[in-house]
Amino acid sequence: MKIFHNARHAEHAGRQEMFRGRMVDCHESPARLQHVLDELARRPVGELLRPPADLPLDAALRKVHSPEYLQFLAGAWDGWVAMDPANATRDALASVWPLAQPHAFRTDKPPQNFAARLGQYAFDSGTPLMAGSWAAAREGAACALAAAHALLGGERVTMALTRPPGHHAGPAFMGGYCFINNGAVAAQTLRDGGLQRVAVLDVDYHHGNGTQTIFYDRSDVLTVSIHGDPRTEYPFFLGHADERGAGAGEGFNLNLPLPRGTGFEAWFSTLQRALQAVSDFAPQALVVPLGLDTFEGDPISGFTLRSADYLQVGRALASLDLPTVITMEGGYAVAEVGVNAVNVLEGLGT
Ligand code: Q9C
Ligand code: ZN
C-alpha cells in the first residue's frame, strides 16, 4: 500500500475555534497526524511516500474548486494581515455572513473588506486559517492527486495521509476544518484518468457536505455518506436521507444518517447497505474519506465504535474488491487516532 503523507501538515495548526460563544482549543491538531505516523512506524502496513512534485496540481484543483475560491485561499493570509498588522498574531476566523434568506442581504456586490470576504467563503467560525494553511492544504491535495495517480498506475490501495481534512470543503466554500476537498480531487483525477464510474463512500462521523455538493448533479460519481443525523449533528444544514442528487445526478447521492449514540452493530449494518449501493453502481474505483471520529472516545462526536471494530471496517471495504483511495478526514480522540486509522488499513490489506 502506497501512503502519500503530507510533510507540510504542521504548517497548519489552528489555535482556537469558536464554539457556543467562546473560544476553545482547536480539535484538529498536528498531533493527530503524528499519532498515525507513529503507529505506522510500529505497524508498517504500507510504504510512506512524499507526493511527486511534478504532478499537475493546479489543474486538478481547478476541476473541483472555483478559480475565485482558489484565489481567495491563496491570498487569504495576506488579506487578513493587510486588514490590521496585529492580525499576524491571530488566526483568521469568519464572523459575518450573507445569510441566505430572501431580501436579507445582497451577494451581487462583492465586498472588499477581508472579514466580509471570509464570510463569503467560510460557512462556520470553527475553521481557523493561518499563515501556513494554504501551503499545508495544497500539499495535502498533492497527496490525494498522487494517491489517485498511483491507483491509475495499477496499485490496489493507496492513501492520502494528510490534514487539514477535506470533505466539508465545496466548490467555493471552506468549513469544518476543511479547505480543499482531497477526496473529490482523488475522485475527479480517477475520472480524468479514464475510469467511467467512481464511487465515494464517506465514513466520517460528519456528513460529507462538500463532496456531496461538488458531485450533486453528476451521474459519473456516486456519493454515499454514513453520518450523524444532521437534525442534531454538524454540519446541520445538509445530509438528510431525501437528498438523492439533482438533474443527471438524481439517484447518485445516498445519505445514511444515524442517530447520535449509534453503536457498531447498527453502524456496520448501515455500512453493508452502503457497500451494496456502491457495488450496484459498478464503479471502477472507490474513494473513502476516512474519519475516525466514529470512535467511542471522540470528544466532538456521538457514535460508539471501538478500536477493534476498525479492523472489520477495513475488511468490509476490502470485500468490494475495488481499487481504493483512502483520504484522512476527522478523528479527534488524538491518542487513539493512530491505532484506529492503522486498524482500517490493516483490515484493508495489501
Ligand atoms: N467545537 C471533520 O471531522 N465543529 N470536521 C464542531 C466542536 C465542527 C468536523 C464543534 C466539526 C467539524 C472533518
Ligand atoms: Zn468528522
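Donors here are N, O and S atoms within 2.8 Å of the metal (3.2 Å for Na, K and Ca), and water is not among the atoms, so sites may look incomplete. This is a predicted model, where local features need pLDDT of at least 70 and side-chain atom pairs count only at pLDDT 80 or more, while totals for chains, interfaces and linings use all residues. Residues are numbered from 1 along each chain as its sequence is written, chains are lettered from A and ligands numbered from 1 in the order in which they are written, and side-chain values use heavy atoms, with hydrogens and water left out.

**View 1. The zinc ion (ligand 2) and its donor residues.** Along the sequence, the donor residues follow the spacing D-x1-H-x86-D. D204 and H206 are both buried (under 20% relative accessible area; exposed is over 50% and partly exposed in between, with a 1.4 Å probe and protein chains only).

**View 2. Y69 and Y121, a tilted aromatic pair.** Rings of Phe, Tyr and Trp (its six-membered ring) pair if their centres lie within 6.5 Å; planes under 30 degrees apart count as stacked, over 60 as edge-to-face and the rest as tilted. That rule gives 13 aromatic pairs. For Y69 and Y121, the centres are 5.8 Å apart and the planes make an angle of 40°. Y69 belongs to helix α3 (residues 67-83) and Y121 to helix α4 (residues 114-121), so this pair ties together parts 52 residues apart in sequence. Helices (H or I, at least four residues) and strands (E, at least two) are DSSP runs, numbered from the N terminus. Y69 is buried at 0% relative accessibility, and Y121 is buried too, at 12%. Zoom out a bit and ring pairs link Y69, F72, W80, F114 and Y121 into a cluster.

View 3. F264 is buried, with a relative accessible area of 14%, and F268 is buried at 18%.

**View 4. T270 and its contacts.** T270 also has its place in helix α8. With 10% relative accessibility, T270 counts as buried. Skip the neighbours within four places in sequence, and T270 is in contact (heavy atoms within 4.5 Å) with I226, L256 and L258.
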